[in-house]
Amino acid sequence: MKISEMFGKGKTILSFEVFPPKKTMPVDTIYETLDGLKDLNPAFISVTYGAGGNAADRTTCEIASAIKHKYGIESAAHLTCVNNSREDILKILGDFKECGVENILALRGDINPNVPPKDDFKYASELITFIKENGSFGISGACYPEGHLDSENMVEDILNLKKKVDAGAEHLMSQLFFDNSCFYNFLEKARIAGVNVPIEAGIMPVTNKKSIERMVSMCGASLPPKFTKMMQRYENNPEALRDAGIAYAIDQIVDLISNGVDGIHLYTMNNPYVAGKISNAVSSLL
Ligand code: FAD
């Protein structure tokens, strides 16, 4: 099923994101994660694609296929283009088709200063056009409630987002944020600009201080005082920080659902315990 077909029934959907295990870990560890996530009834699970883009790496494809066919849950495979040629992308699309993967989150990918980008695709919108020309996949794109870091300003970023939707993105998943007002402001501007596809809000629960600091430095999400206080108070107590992080994410999600957002995309960090606590707390609201 195409992800864009899951919306429009006046309900908020809940979806998950997982990442393939690191190269040093056995690939099978992802199945322990999925075993823990399967009974939480996500609308779909998306699987990230390694930065640096390796056409020969079929891990994302294999995991997205297993989610759909072994676990019976719809899936989406992330795909980045900055380090891939047209030929590489055609090969990957062929793999997706062969594995029965129906949905793709089409991304540019981060530009690594040590790896010169390939020339075929400059922006995600070009990848989206190419995917549309070469298959019948459901296509999603990424959006940034606080603006993308490369972007001069929010207006420019939203106009670029509109190009992505015009190219064929039927659904958007947002970057993580900790201040819901950033998401509501973005949503208002995006709708005014004519971005009329379903937009899911990206929520990342804090599970440990280091990982959240790394994520925030990479994506530039702003930290409300309420959040910073929580991190400071519990930084030396991992269990308390985890529980406070779960409570913070639930609070954000309850507010988002009450405001009628299209969907919540939960960055599970491959942690079924945390995903379970959050999903169970909000399941009656969906
Ligand atoms: P684009 O949409 O191409 O935008 C990139 C920048 O270019 C923006 O500043 C935009 O305003 C600007 N721009 C776009 N079009 C134009 C235009 N026509 N003219 C001028 N400027 C333009 N990365 C991974 O490596 N693997 C993943 O699995 C992954 N998953 C992600 C999932 C989500 C939900 C999100 C939000 C991000 C994810 N990323 C992932 C990170 C993403 O690859 C980076 O944020 C990347 O820097 C931008 O990708 P994009 O697809 O948003 O790029």
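Visitor: In which sense do strands β7 and β8 pair, and over how many bridges?

Guide: This is a predicted model. In it, β7 (residues 199–203) runs alongside β8 in the parallel sense, and the pairing covers 4 bridges. To read such a pairing, look for residues that stand opposite one another. Here Gly202 faces His265 of β8.

Visitor: Which other strand pairs with β8?

Guide: Strand β1, residues 13–18, pairs with β8 over 5 bridges, in the parallel sense. Ser15 is the residue opposite His265 on that side.

Visitor: What follows β8, and where do Met269 and Asn270 lie?

Guide: Met269 is in the loop between β8 and α10 (272–282), and Asn270 is in the loop between β8 and α10 as well. Most residues other than glycine have a negative phi. Met269 has a positive phi, near 55°, and for Asn270 phi is also positive, near 55°.

Visitor: Is each of these two buried or partly exposed, and why?

Guide: The relative accessibility decides, with the cut-off for buried at under 20%. Met269 is partly exposed because its value is 23%. Asn270 is buried because its value is 16%.

Visitor: Which residues come nearest to the ligand?

Guide: The shell around the ligand holds 25 residues, and those that come nearest are Tyr49, Asp110, Tyr144, Asp157 and Lys164. A shell can also be sorted by class. This one has 10 nonpolar, 9 polar and 6 charged residues.

Visitor: Which residues place a polar atom 2.8 Å from an oxygen atom of the ligand?

Guide: With Ala124 the atom is a backbone N or O, whereas with His148 the atom is a polar one of the side chain. For Asp157, a side-chain N or O atom is 2.7 Å from an oxygen atom of the ligand. The ligand taken alone exposes 980 Å², of which the protein buries 86%.

Visitor: Which elements give two or more residues to the shell around the ligand?

Guide: They are β3 (74–80), β4 (103–107), α5 (154–167) and β6 (171–176). The largest share, 4 residues, comes from α5.

Visitor: Where is the place of His148, and what does His148 touch?

Guide: His148 sits in the loop between β5 (138–143) and α5. Leaving out residues up to four places away in sequence, His148 touches Arg108 and Asp157. Its side chain also reaches the backbone nitrogen of Asp150, at 3.1 Å. His148 counts as buried because its relative accessibility is 17%.

Visitor: Where does Asn180 lie, and with which side chain does it make a polar contact?

Guide: Asn180 belongs to helix α6, residues 180–192. Its side chain makes a polar contact with the side chain of Asp255, at 2.9 Å. Apart from residues up to four places away in sequence, Asn180 touches Gln252, Asp255 and Leu256. Asn180 has a relative accessible area of 9%, so Asn180 is buried.

Methods:
Residues numbered from 1 in each chain as written. Predicted model: local features only at pLDDT ≥ 70, side-chain atom pairs only at ≥ 80, totals over all residues. Heavy atoms only, no water. Pairing = 2+ DSSP bridges. Near = heavy atom within 4 Å. Polar contact = N/O pair within 3.5 Å; in protein donor to acceptor, adjacent residues only side chain to side chain. Areas by Shrake-Rupley, 256 points an atom, 1.4 Å probe, with all protein chains shown as cover. Nonpolar A, V, L, I, M, F, W, Y, C, P; charged D, E, K, R; others polar. Buried < 20%, exposed > 50% of the residue type's maximum accessible area, 1.4 Å probe, protein only. Contact = heavy atoms within 4.5 Å.
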